[in-house]
Structures are given as C-alpha cells and as structure tokens.
Amino acid sequence: MDTGWEFLLDMCTIGSLLLLATFIRTRIRFLQKFMVPNNIVAGFLLLFIGGEFLGFIHISSDRYGSYVYHLLAIMFIAMALRKGGGTSSRPMVATGIILTIGYGLQAFIGMLITFVAILFFKPDLFPTFGHFLVLGFGQGPGQAFALGKSWEPLGFENAGNIGLTFAAIGYLWACTFGVWLVYWNENRYKGKKQNIPEEERIGIVRDMDGQPEAGRLVTATSAIDGLTFQIALVGLVYLATYGLLTGIEHFLKVVVHKEAAFLQLKNTMWGLHFIFATIMAILFRKLIIQFQWSHIMDNGLLTRISGTSLDFMVTAAIGAISISIFRQYITLILVITTAGGIATILFLVLIIKQSAMPHMNERIASIYGTLTGTLSTGLTLTRIVDPQFKTPVAQDLVFGCGIAFPMAVPVILSVMIPLAGMTTPNPGYYYLGTVLFLGLYTLGLYIALRYVSKGFHTKTS
C-alpha cells in the first residue's frame, strides 16, 4: 500500500538536517566567523550522507530537484503577495540598477567564455551553458534548476543538476570571499573589526525581548488558522499560475507549427514558471487591494512562508548535486565561476565607490551576497557590518530586489537567442548576438545608474 511516505520522509530528512545544522553552528567557530547560513550547512550534510558519499540514504536528483522547482515558485508568490511598505527612493532604485548590471555582467562573462569554448575547445557544448553563471550566482538554485531542466529535452543532459552545482559554488563564494571582502573593507576604511553579536554568530536567540513577531492572525482561529489561510492563498495563486501556463501551452500548440520551435518555447515557458507565478501574485494582490480586502494578507506570515521555502529549497538543491556530473565539466565550471566571482567583486567595489552612495561598505556586502547567493545571503553579510540594521541599506536591498526583478527579465530571456540559433545553419551568429545584446543592455543600465547617481554626488559635495 502506497501511503505517500516518500515525500514526507524527504521533508522530514531535510528538516532534521536543518536542526542539526543549527546545532552545529552553535559549536563550530568557522561557521560562526563566516556567517554560513544553516540551510547551506544542511545541504552539504544531505549531500554527504547521500549516495555520492556515505550512501546512508538514497537521494533522487529528479525528486529533490522537483522540490526546488516548486518551492521556488512558492517563495516568489509569498514575497509578491506582501503589501508594500512605501514608495521607492533614489537609493532603492540605484540598488536595483546595480543588481541588474551585476546580472548582465555575469551573463555576459558566462556566455563569452561559452562562445570561446565552442569555437576552440568544445564545439558540442550546449550554447546556454554560460547562462548558468547568472542563474546560479545571481538568481539562485531554484531558477538555475528550473531553466536547466527545461533544456534537457533539447539535448542538454543533466542540465538541472549542473545549474544546482553553479548555485552551490555561488554560495561558497558568498560565504568565503564575501566575508573576507566585508572585513577587508572595514579594516581599510574604518580601521577596526566588527564585533558580531553572539546571537548573530551562533544563530540562536536567547533573549526574546524586542524580537519581531512572526506574524499576525487575520482570521478567527475557531474558523480557520491564520497560517493555514495564508498558505491557502499562496496555493490559490500557484493553482492559477498552473492554469495560465497550461492555457499558454495549448495556445502555442495551435500557433507554432514547427515541433522543435514549439518544444523550445514550451520548455522555456515552464522553466520560467516563477516569473509567471510572481506576475500572477502581483495581479492577485492588486485585485485584493482593489476590493479593499488588504487586511486578509499578513506580511509577517507571508515572509515566514517565503523564508521556510527558501531554507528547504537551498538544502534540497545542494543535496541533489551529482559529483560525477561536476567532474565531467569541472574545468569549464571552475573557469566560469572564478572569472564571474572575481568580476563581481571588482565591479561592486568600483561601481559603488563611483556612484558615491552612502554607507559604501554595507552596500558592497549586501549586493555582493545577493549576486552570489540569494537575498537572505545578502542580508546575512550586511549584518556583519550593520548588526541592528541601523542604516537603510537592508531596506534598500529588499526593495531594490523588487525593482531589479523586471529589469532582469531581458537578461534571463536572452537565453532564447542561442536556443533559436541551434536549428539554423549559422548558430555562431546567434551566440555572438547574445553576447552583444548583454553587453549593450548592461551598458545602457550603467548609463541609467550614472543619471540616478547624480543626486549622491550632489549630497557629497
């Protein structure tokens, strides 16, 4: 009798490892010093006890990858449903532009190295391989796996797992070079080391006074629990997203007559399901506000749903990595990630100094963490130099990510150009066109940043 143990055991395993990682961080100074998030520790523990190493449990990359795929959409829906906290300001806009420039730069470097590799070393390399740099580093494991999985039917074997590998390496860059960068800037400009509060280092809060509430109940518990209501709201949006994507797929089947073109569009569309989910959540939120029902959405509980999805997603993503596949592409992966990591550091130090934005060190920490991991990684690095979030940097980062999301869509969709070239006699022109598009788009964003930054230079003067 099948009672659904497989899914529940997977979730219980991930949850148990998150608890173990929390305990380990309270005991190991290395993890405390480098502010390694518990979900990353849990992910590597899952990888270690899996079939690739000890073999204590069987980890199916496809099964764990599907968790990553769906948790990504749930995380974005919960974030997009939250009510806004106010209008955007110039620093928020500048933060969003800088993040998008970083995305464009990473995609440009990845595709340029891929283009060179196809020309001289590996002509059979899948043309979108370089996009994994921005997907794994800048966007996170969910996006990297989702889009990678959509390329597998097109001939890119194990693409989803390769995307997870890029994301795991991105987290390592965030936790090692990120912490080094933060301390180096602090010593260089302030001449002192930051004393990280004990609670931030060990990850356990002992004094509950002053701690924020997890959320408010918007329903009568006798009718339905408040958390249940928020989860059901997220589920409704995801159900509507599935209906939308299914409808678009049927429409494409009627309009696009070439089978190869239809498969490319369909797989890419389902791989970008998190974008459609976010748009659907924004529409639901606007509709709810229009009917003056905004009181049924609680930011605290929605944030907890998003955070829980992120923790489980990152753990599952790292645990699903295949070492054998990593060995197959080890040289190319290390070249692309090393070039991308170094370029991200140099770009941030130069661009933020040039923009004259206030709280330079805090902004470098926050944006670097986001460009190599996720928003939570960026906030983790920010806490090292701004433990109490006294500066507006953390708030600017949160809203900046929202501003960067629509601006980053062209960077993500640029992956369609080399895919379209696969079925043509001269695919090299499409690869080169992708590199040129990313370069010009990034340059345009840099010009926009120069305009936005005029206000910071004026204040400095």
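Here are some questions and answers about this predicted model.

Q: How are helix H4 and helix H14 oriented relative to each other?
A: Helix H4 covers residues 61–81 and helix H14 covers residues 299–319, and their axes come within 8 Å. Those axes cross at roughly 160°. Angles over 145 degrees count as roughly antiparallel, so H4 and H14 are roughly antiparallel.

Q: Is the crossing of H4 and H14 left-handed or right-handed?
A: This is the pair whose axes cross at roughly 160°. The handedness of the H4 and H14 crossing is left-handed.

Q: How many nonpolar, polar and charged residues are in the contact of H4 with H14?
A: On the H4 side you'll find residues including Val68, Leu71, Leu72 and Met75, and they meet a set in H14 that includes Ile305, Leu310, Phe312 and Met313. Ser306 and Ser309 of H14 are part of the contact too. Sorted by class, the residues come to 16 nonpolar, 2 polar and no charged.

Q: How are H1 and H4 oriented relative to each other?
A: Helix H1 runs over residues 5–25, and its axis is 12 Å from that of H4. The two pack at an angle of about 75°. Since 65 to 115 degrees counts as roughly perpendicular, H1 and H4 are roughly perpendicular.

Q: How many charged residues does the contact of H1 with H4 have?
A: From H1 come Glu6, Phe7, Asp10, Met11 and Ile14, which meet Arg63, Tyr64 and Tyr67 in H4. By class, that contact has 5 nonpolar residues and no polar ones, and the charged count is 3.

Q: How far apart are the end C-alpha atoms of helix H21?
A: Helix H21 takes in residues 427–452, which is 26 residues. At 1.5 Å a residue it should span 38 Å. The end C-alpha atoms agree with that, being apart by 38 Å.

Q: Is Asn158 buried, partly exposed or exposed?
A: Asn158 sits in the loop between helix H7 and helix H8, and has a positive phi of about 60° although it is not a glycine. Most residues other than glycine have a negative phi. With a relative accessible area of 35%, Asn158 is partly exposed.

Q: What is the relative accessible area of Gln292?
A: Gln292 is in the loop between helix H13 and H14. Its phi is positive and near 60°, in a residue other than glycine. Gln292 is exposed, and its relative accessible area is 67%.

Key
Residues are numbered from 1 along each chain as its sequence is written. This is a predicted model: local features need pLDDT of at least 70, side-chain atom pairs count only at pLDDT 80 or more; totals for chains, interfaces and linings use all residues. Side-chain values use heavy atoms; hydrogens and water are left out. Axes are lines fitted to C-alpha atoms, for helices over the stretch in contact, and angles run from 0 to 180 degrees between N-to-C directions. Helices (H or I, at least four residues) and strands (E, at least two) are DSSP runs, numbered from the N terminus. Angles under 35 degrees count as roughly parallel, over 145 as roughly antiparallel, 65 to 115 as roughly perpendicular and the rest as oblique. A crossing is left-handed if the near helix is turned anticlockwise from the far one by less than a right angle, and right-handed if clockwise. Contact means heavy atoms within 4.5 Å. Ala, Val, Leu, Ile, Met, Phe, Trp, Tyr, Cys and Pro count as nonpolar, Asp, Glu, Lys and Arg as charged, and the others, Gly among them, as polar. The expected span of a helix is 1.5 Å times one less than its number of residues. Buried means under 20% relative accessible area, exposed over 50%, partly exposed in between (1.4 Å probe, protein chains only).
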